[in-house]
Amino acid sequence: MSRTVRRGEHPSARPVSVNANMKLARSVCSFASLLTIVVVGNLSLAQNAPASQDRWQQMVDQACSGAQSPDREETCDKVRCDVARLRAQQLVTEADAGRADAREMYARAAEAYLDIWRRHGDQRAQAGQRVVCQHLDEVLYNSGRAYVAAKLPSDAIRIWTLLASPSSGFAQSALTPRAVYEIGGIHQSLGDFDQAADAYERFVRAFPNQQQAPTALADSIVLRLALGQRDKAGADAELHARNYGARPGSSTDEILLALASWDVEHSRWKEAVTGLRAALPTIERHARVDLALRAHTLLGRALVHTGPRKDASAQYASVVVRWRDPGLPQKLVQTFGGSGAELRRLGSVLNAVGEALFFQAEEHRRREVESLAFPAYPFTPRAKGAKVSAQDAARERDSWTLHTSTKVKEWLDKKLAAIELAEREYKRIVEIQPAPPPKWVVAAAARVGWMWGDLYVALTRPRLPPGVVLDAERRAAYLAVISTASAPIGARATAAFEMCVATSVRYQYADRFSESCHAWLSWKDRTRHIPMDELAPRPNLDGNGLVPMRALTEPALP
């Protein structure tokens, strides 16, 4: 228990045998001599076995028995306090050595420290006697530390709350802020996030100049957001910016971004736009490129929902333009290429870039691919169940043939070229260095697969006019041509969906995009892609936040 506060011995102290000290105590009866013996013997006492410590206690009890003057009584109380403290410290030292019963010994030490406070502090104060036992704030703090080591956190909270209370008289102790701060840490480790946030906020309000104050307030903000207490988190953020925002290395930027992220995740689009527009100048001024990229991405996502869409495009474009700097990826890798939290920060930047590239690819797809609708055939309106004459059937066959050889062919050529270009836009996500973000690789592969898949369905599942349907030979010939022409398109769709599934499985990441890939492959070829839900990762994120995913439906059979 290395964090226990230890009171050092006098520099002149020398190891003296317990037996020699006891002989000296018997021959010299003055209290000044007794106190000298105890001080000189402190080091010896701390290094001797419990049996020797008991003999010391007996010596003190014998010397302090009988009627006493006030001065003599205070001296005895001080000696007893010092001896009891050394006995408690000895228990901690033995427990620190790794004994099998270490937890029990820590608990005994905690009770011993607490007993010192009760006997030599609290009880004397309530009796109107002068408290002569020194450093009782350390005694209470060490009791709490011993309870923590004994895995009794609730008892530690109780003792440290006593230390921090005004009635204890230790408001000015240097250990009081530490105790209040560690109360918050215990609540947080126990999962009592609300109480932990309360403790951190009390700590900051009472001790705003403590070194841990900025960290405590930042932790409180994170906990408030986790609890959904956005208003309290916002108030803490304002206090953090006011008290610590001007300090070098302040985490104000991260806090502002965390608030905006929470707003975006909870679809508070207007609040997110307002907060991000206010935070971006500060983030840009501090030259935090990683935070700036993430902030622009979040603002773009929020603007997709609030409009205007051109403003969202501008935010995403600024991310892509910055990422084109050839030295930026390497710089970020050098900055965040460590492990743990640093790698997560790098991953957040890569996710932001992936989202920006995905948005641009989506805009290209809507503009260039979705605008090319399948040319509608002018069907002749007929009453339900009406018979088709041979003359009408022949005319419809000729008209359908002309329609497919001209309008459909022209549409198909344009559609193929547009999908090829759009696929290149999505492939930019796969080329992100040092590593493409799995979330957006899955989304890009799914979108590419659906572009080819929709085209495959449009060609292989057309609505045929009755004149073609009734002519078995003409119908078979048409479907044979379509089957040959659509096979490469179906293969392109299958390849993209398989990449989507492989990435999802490899990184154990799943969302509605990856589910749509599984579903399409199972519909296309159940012999090769048998739906086995128990092997596929389940969705852990709800889409990408940009556009709602359409519900997947198997194309209707003709």
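Analyst: Gladly! Axes here are lines fitted to C-alpha atoms, for helices over the stretch in contact, and angles run from 0 to 180 degrees between N-to-C directions. Please keep in mind that this is a predicted model.

User: Are helix 9 and helix 10 roughly parallel or roughly antiparallel?

Analyst: Helix 9 covers residues 175–189 and helix 10 covers residues 193–206. Their axes lie 7 Å apart and pack at an angle of about 165°. Angles over 145 degrees count as roughly antiparallel, so helix 9 and helix 10 are roughly antiparallel.

User: How many charged residues are in the contact of helix 9 with helix 10?

Analyst: From helix 9, the residues that meet helix 10 include Val 180, Tyr 181 and Ile 183. Among their partners in helix 10 are Phe 193, Ala 196 and Phe 203. By class, the contact of helix 9 with helix 10 has nine nonpolar residues, five polar ones and, as for charged residues, none.

User: What is the handedness of the crossing of helix 20 and helix 22?

Analyst: The axes of helix 20 (residues 438–460) and helix 22 (residues 472–506) come within 8 Å and cross at roughly 160°. That angle makes helix 20 roughly antiparallel to helix 22. Their contact divides into 18 nonpolar, seven polar and one charged residue. The crossing of helix 20 with helix 22 is left-handed.

User: Where is the kink in helix 19 centred?

Analyst: Helix 19 has 41 residues, 390–430, and at 1.5 Å a residue it should span 60 Å. Its end C-alpha atoms are 55 Å apart, which agrees. Helix 19 has a kink of about 35°, centred on Thr 404.

Key:
Residues are numbered from 1 along each chain as its sequence is written. This is a predicted model: local features need pLDDT of at least 70, side-chain atom pairs count only at pLDDT 80 or more; totals for chains, interfaces and linings use all residues. Side-chain values use heavy atoms; hydrogens and water are left out. Helices (H or I, at least four residues) and strands (E, at least two) are DSSP runs, numbered from the N terminus. The expected span of a helix is 1.5 Å times one less than its number of residues. The bend at a residue is the angle between axes fitted to the seven residues ending there and the seven starting there. Angles under 35 degrees count as roughly parallel, over 145 as roughly antiparallel, 65 to 115 as roughly perpendicular and the rest as oblique. Contact means heavy atoms within 4.5 Å. Ala, Val, Leu, Ile, Met, Phe, Trp, Tyr, Cys and Pro count as nonpolar, Asp, Glu, Lys and Arg as charged, and the others, Gly among them, as polar. A crossing is left-handed if the near helix is turned anticlockwise from the far one by less than a right angle, and right-handed if clockwise.
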